[in-house]
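Student: Hey, can we go through this structure together? I'd like to start with a pocket and then move on to the strands.
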Amino acid sequence: QAIAAAMPANALKQHDHGLDAGHAPVEGESVKPPVAALGASTLSEVADSAKVGAGGAAPGLNATTDSLDSARVDSTGQAMTTNQGVLVADNQNSLKAGLRGPTLLEDFVLREKISHFDHERIPERVVHARGSAAHGYFECDVALGDITKATPFAQAGKRTPVFVRFSTVAGERGSTDTARDVRGFAVKFYTDEGNWDLVGNNIPVFFIQDAMKFPDLIHAAKPEPHHGMPQAGTAHDTFWDFVSLSPETAHMLMWAMSDRAIPRSYRMMQGFGVHTFRLVDAKGESRFCKFHWTPSAGTHSLVWDEAVKISGCDPDFHRRDLWEAIESGNYPEWTLGLQVFTEAQAAAFNFDVLDPTKLVPEELVPVRPVGRMVLDRNPDNFFAETEQVAFCTAHVVPGIDFTNDPLLQGRIHSYVDTQITRLGGMNFHELPINAPLVEVHNNQRDGIHRRAIPRGRVAYEPNSLGGGCPFQAGARGFVPFPEPVAEDKVRGKPEKFADHFSQATLFFDSQSDVEKNHIVAAFRFELTRVQTPAIRQRVVSLLRNVDETLAARVADGLGMQLPPAQARALEPPVKSEVDASAPLSLFNFPGLGDVTGRRIAMLVADGARADAMQQVYDRLIDAGAAPRYLGTKLGRVASSTGAPIEIEATLETMPSPLWDAVVVDASADALVKVGPAVEFIKEQFRHCKTIFVLGGSIALLAAAAIEPTPDDAGFIDLAAGEAVTGAAIDRFIKAVGRHKHYERERDPSPV
Ligand code: HDD
């Protein structure tokens, strides 16, 4: 309140600390409880209580929103100014010596505008450059005080604000969303004891075991340096050269070639902290922990042909999906699960828990659900938030600690280091999106773009002139877990790190036949693009150590003889403790089978059965799906049964890969000579999507050469003239909820 009273009388700043209700985010973006209800007299008090109270953000209050209010600018009703606040009289014409004369150097308005524009871009992230993010909260379901003192887990029902950024790894900032790639899954928890960043991926293991190899891995995966190709893809020689010479990559390669690397949506993929972390309780005791995020919407993927085509028709596919889901109130949600185990348990595993190429099979340590994360607000500004957010594995809070995983150890250094270049100096922690909700007090000073104005003459400790402040917090602060270390300094690896294949085999053995087929096809695709035959051979020789049938199938796909298996680092080979692990298959997380946010094409032409189509349309809306009338051009089509139908999307702008399912009626037969319509149906079928035929559209199906088998649950066909019943629509909705009907898939596709 004292700060609020001292605020300068600047109209643009009146909404700092929530003083001006007119600048509150629009409804649905953030829920602010009535001030009185929380027993506070101003919103700034509410925000303060959300920041430092032991209970964290008050119920219904998104404390991040309030902290960002101080930086928000709303120009509604305002006149234009320069950056110095001087009103701009004319924003169209530069200042000239005469109407046809040269522009004058004194035109500070022009120069400021151009100069600022010239410096608008900052370097992109060296990896994970392409990303999308959203605000939300983590809500604890189970108090975990007995295993960690980290405050997000202090009590059931407690909410901690989060900002989450999803990303691809290899592509540049403007690259396509649906490239085959690992997805970043970075969560910043604004806890009431400082920021905790869980910087994970959608795959629980990593390519390499030691940070020392990270620059090599990334150089191999990125576009080749001589010609800058290919963009956002690993299907090229340098990547496969590197990985085939680094057998520790075998396990992660299996995941990267699986459908995990082409998710349908960020909302439909798991996330993992990857490394083994430590949880530390109030008594200072520690346990190991692996973090798992599991989406409520289920784990669903694209098929490769579809992913490639989406890259052309909507490179922003995942960004748009996340944005639209949140805007429409379908808030993406994940359950956080923990695998907690002791050092004694870890020592008994036949793999090393410090090796990031290994996971802990859930059969050995089950995943315990402890809370859920909901993303309920899109950023106000992409650059200020999504681009400037800086995650770092070193950002931990009391109760969370590191292990000696050599990949994690290197990461602890890398993130802030890279951000100093990207964000231009050491003060990026002051950017609103990066600033913690708790206050920051230390003697660090100055540097480029310093925002804080520290008061007083003391910037050192110990001091007497400042009353000894800020003082050390002692046991209240972050106290590292006192793990004993008594070894020689060496460059090397523990012996168990030399097992490169047991879990790659476990992963492959845990896949369904459909998933295995996709893995084989992915290796075939990537290696067919590799130009050097010896590299292809080396990869297949590596695969022989994972699974002989996999290697044989890939070799067959590449039209080559099976090469001898690569020599192993460890003989005899280690065998995984479990033969197969159900949670490694994507099909093990179907989600609720609902259709929220699913895009359904209602393909119509003149003569459409408006009543039947609208009946389906309305039911889909009720179910939370996004149906749209699709036609050859915008405008209206005449219906056979009533009012004309307004076309909402066209075949040209929204072809088949952008839709999850299609509904057609007899009117669509009028499109039998429209190539894109025939192609649309073909691709719906080829990409294993649900097709709902409201009777009589035989000609279009025939033109698309579709021959569904009677047991195809994704093909629902009403006889000509048959009434559209609720039961039929329910069957359709259920089929869409299954996401894909892989039973019809053939390689190569006959359609
Ligand atoms: Fe990393 C970014 C995840 C290994 C060095 N990493 C970055 C991001 C994610 C990950 C999600 C993007 C964060 C954002 O959205 O801003 N990285 C991982 C995971 C790894 C991993 C799950 C293995 C378990 N990374 C890793 C290693 C190093 C780095 C071994 C270096 C030693 N990562 C970086 C980086 C980046 C980064 C260069 C680039 C941009 C940034 O940090 O801010 O520091």
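Student: How do the residues of the lining of the second largest pocket divide into nonpolar, polar and charged?
Tutor: They divide into 17 nonpolar, 13 polar and 10 charged. Here Ala, Val, Leu, Ile, Met, Phe, Trp, Tyr, Cys and Pro count as nonpolar, Asp, Glu, Lys and Arg as charged, and the others, Gly among them, as polar. Before we go on: this is a predicted model, where local features need pLDDT of at least 70, side-chain atom pairs count only at pLDDT 80 or more, and totals for chains, interfaces and linings use all residues. Residues are numbered from 1 along each chain as its sequence is written, and side-chain values use heavy atoms, with hydrogens and water left out.

Student: Okay, and how much space lies in that second largest pocket?
Tutor: About 1,600 Å³. Of the 40 residues lining this pocket, Glu 193, Val 438, Glu 439, Val 440 and His 441 are the closest to its centre. A pocket is an open set of points on a 1 Å grid over the protein atoms alone, where a 1.4 Å probe fits, with protein on both sides within 12 Å along at least five of seven lines; lining residues have an atom within 4 Å of a point. The volume is the space filled by probe spheres set on the points, which are joined across faces, edges and corners.

Student: New topic: the ligand. Which residues come nearest?
Tutor: Arg 125, Arg 165, Ser 414, Tyr 415 and Gln 419, out of 23 residues around the ligand. A residue is near if one of its heavy atoms lies within 4 Å.

Student: Which atom of the ligand does the polar side-chain atom of Tyr 415 lie 2.8 Å from?
Tutor: A nitrogen atom. For Ser 414, a polar side-chain atom lies 2.9 Å from an oxygen atom of the ligand, and for His 128 one lies 3.4 Å from a nitrogen atom of the ligand.

Student: Which element gives the largest share of the shell around the ligand?
Tutor: Helix 12, with seven residues. Helices (H or I, at least four residues) and strands (E, at least two) are DSSP runs, numbered from the N terminus. The shell's residues divide into 11 nonpolar, nine polar and three charged.

Student: On to strands. Why is strand 2 largely enclosed by the rest of the structure?
Tutor: Because nine of the 10 residues of strand 2 (159-168) are buried, meaning under 20% relative accessible area with a 1.4 Å probe, protein chains only.

Student: How many bridges does strand 2 have with strand 1?
Tutor: Nine, in the antiparallel sense. Phe 138 has Thr 160 in strand 2 as its bridge partner. Strand 2 also pairs with strand 3, antiparallel over seven bridges. Two strands pair if DSSP finds at least two bridges between them.

Student: And strand 7, how many of its residues are buried?
Tutor: Eight of 10, so strand 7 is largely enclosed by the rest of the structure too. Strand 7 runs antiparallel to strand 8, joined by eight bridges, and Phe 288 has Phe 341 in strand 8 as its bridge partner. With strand 6, strand 7 pairs over four bridges, again antiparallel.

Student: What happens at Gly 284 in the hairpin of strand 6 and strand 7?
Tutor: Gly 284 takes a positive phi near 90° there, and the hairpin has five residues between the strands.

Student: Last one: in what order do the six strands of the open sheet come?
Tutor: The order is 15-12-11-16-17-18, with parallel pairing. Strand 15 and strand 18 are the edge strands, each pairing on one side only.

Methods:
A polar contact is a pair of N or O atoms within 3.5 Å; within protein, one must be able to donate a hydrogen and the other to accept it, and residues adjacent in sequence count only if both atoms are side-chain atoms. Buried means under 20% relative accessible area, exposed over 50%, partly exposed in between (1.4 Å probe, protein chains only).
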